[in-house]
Amino acid sequence: MMPFTDEELYHAVQTNLHKVSAYVSSHGGNIHLKGVKDAIIYIELGGTCGGCSMSLMTTKMVVRRELRELIHPELDVINVDGTPENELPEDCYREEETIVEVEKEGLMDKVKNIFP
């Protein structure tokens with residue numbers, strides 16, 4: 001049994017999502033927190049990770065694993081990817097959509113800094 005409400009889990013994920021997003025960001029993607037229902041965290045992978053054939057593995061092996069370590073070991077994570085089995089429930093807890101992107105300096109930024 002989960003000792004947290006959906007609202008508490010939502011805020012815990014919202015607070016820790018930046019810690020989880022480094023891998024996704026390193027591949028040019030981002031994570032959108034869509035909602036929480038019954039200890040299931042609903043996210044949407046965006047950027048280059050949206051629609052990627054490896055998005056299921058990223059969700060399970062990176063996002064879910066890290067959120068379980070940070071928040072609670074019984075959490076589950078579903079990537080809302082447009083398929084019927086991964087739909088966002090209408091009655092889930094949600095707030096204004098949270099998008100987490102980690103800024104990274106690209107090669108062109110480095111070149112611009114060297115040769116202004």
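Predicted model: local features only at pLDDT ≥ 70, side-chain atom pairs only at ≥ 80, totals over all residues.

**Entry 1**

Tyr10 is buried, because its relative accessible area is 0%. Next I looked for aromatic pairs, and the structure holds 1. The partners are Tyr10 and Tyr93, with ring centres 5.4 Å apart. Their planes stand at 75°, so I put the pair down as edge-to-face. Where do the two residues of this pair sit in the chain? Tyr10 is in helix H1, residues 6–20. Tyr93 is in the loop between strand S3 (76–79) and strand S4 (98–100). That makes it a link between distant parts of the chain, 83 residues apart.

**Entry 2: the overall layout**

I stepped back to get my bearings. The protein chain has 4 helices and 4 strands. Reading from the N terminus, I get the order α-α-β-β-α-β-β-α. Of the 116 residues in the chain, 38% are buried. I then looked at contacts between residues at least 6 apart in sequence, and 62% of them join residues at least 24 apart. The accessible surface of the chain comes to about 7,200 Å². Carbon and sulfur atoms account for 54% of that surface.

**Entry 3: the salt bridge at Lys37**

How many salt bridges are there? I get a count of 6. One of them joins the side chains of Lys37 and Asp91, at 2.6 Å from N to O. Lys37 belongs to strand S1 (residues 29–37) and Asp91 to the loop between S3 and S4, so this bridge ties together parts that are 54 residues apart in sequence. I looked up the exposure of both ends. Lys37 counts as partly exposed, because its relative accessibility is 21%. Asp91 has a relative accessible area of 54%, so Asp91 is exposed.

**Entry 4: a network around Asp76**

Which residues are linked in a network of salt bridges? I find Lys60, Arg64 and Asp76. I took the bridges separately. The side chains of Lys60 and Asp76 meet at 3.9 Å, N to O. Here Lys60 of helix H3 is paired with Asp76 of strand S3, 16 residues apart. The side chains of Asp76 and Arg64 also meet in a salt bridge, at 3.5 Å from N to O. Arg64 is in helix H3 too, and this pair is 12 residues apart.

**Entry 5: more on helix H3**

I stayed with helix H3, which covers residues 55–70 and includes Met61. Met61 has a relative accessibility of 45%, so Met61 counts as partly exposed. Met61 is also part of a nonpolar patch on the surface, formed together with Met54 and Met57. Together these three have about 300 Å² of accessible area.

Thr58 is in helix H3 too. Is Thr58 buried or exposed? Thr58 counts as buried, because its relative accessibility is 10% and the cut-off for buried is under 20%. I then asked what Thr58 touches, leaving aside its neighbours within four places in sequence. Thr58 is in contact with Tyr23, Val24, Leu45 and Val63.

**Entry 6: Asn30 in strand S1**

My last stop was Asn30, which lies in strand S1. Asn30 has 9% relative accessibility, so Asn30 counts as buried. Which side chain does the side chain of Asn30 join in a polar contact? I find His32, at 3.0 Å. I also checked Asn30 against Thr48, which is 18 residues apart from Asn30 along the chain. Their C-alpha atoms are separated by 8.1 Å.

Technical notes:
Residues numbered from 1 in each chain as written. Heavy atoms only, no water. Phe/Tyr/Trp six-rings, centres within 6.5 Å; stacked < 30°, edge-to-face > 60°. Buried < 20%, exposed > 50% of the residue type's maximum accessible area, 1.4 Å probe, protein only. Patch = residues over 30% accessible without salt bridge, like charges linked within 9 Å, V, L, I, M, F, W, Y side chains within 5 Å. Areas by Shrake-Rupley, 256 points an atom, 1.4 Å probe, with all protein chains shown as cover. Salt bridge = Lys/Arg side-chain N within 4 Å of Asp/Glu carboxyl O. Contact = heavy atoms within 4.5 Å. Polar contact = N/O pair within 3.5 Å; in protein donor to acceptor, adjacent residues only side chain to side chain.
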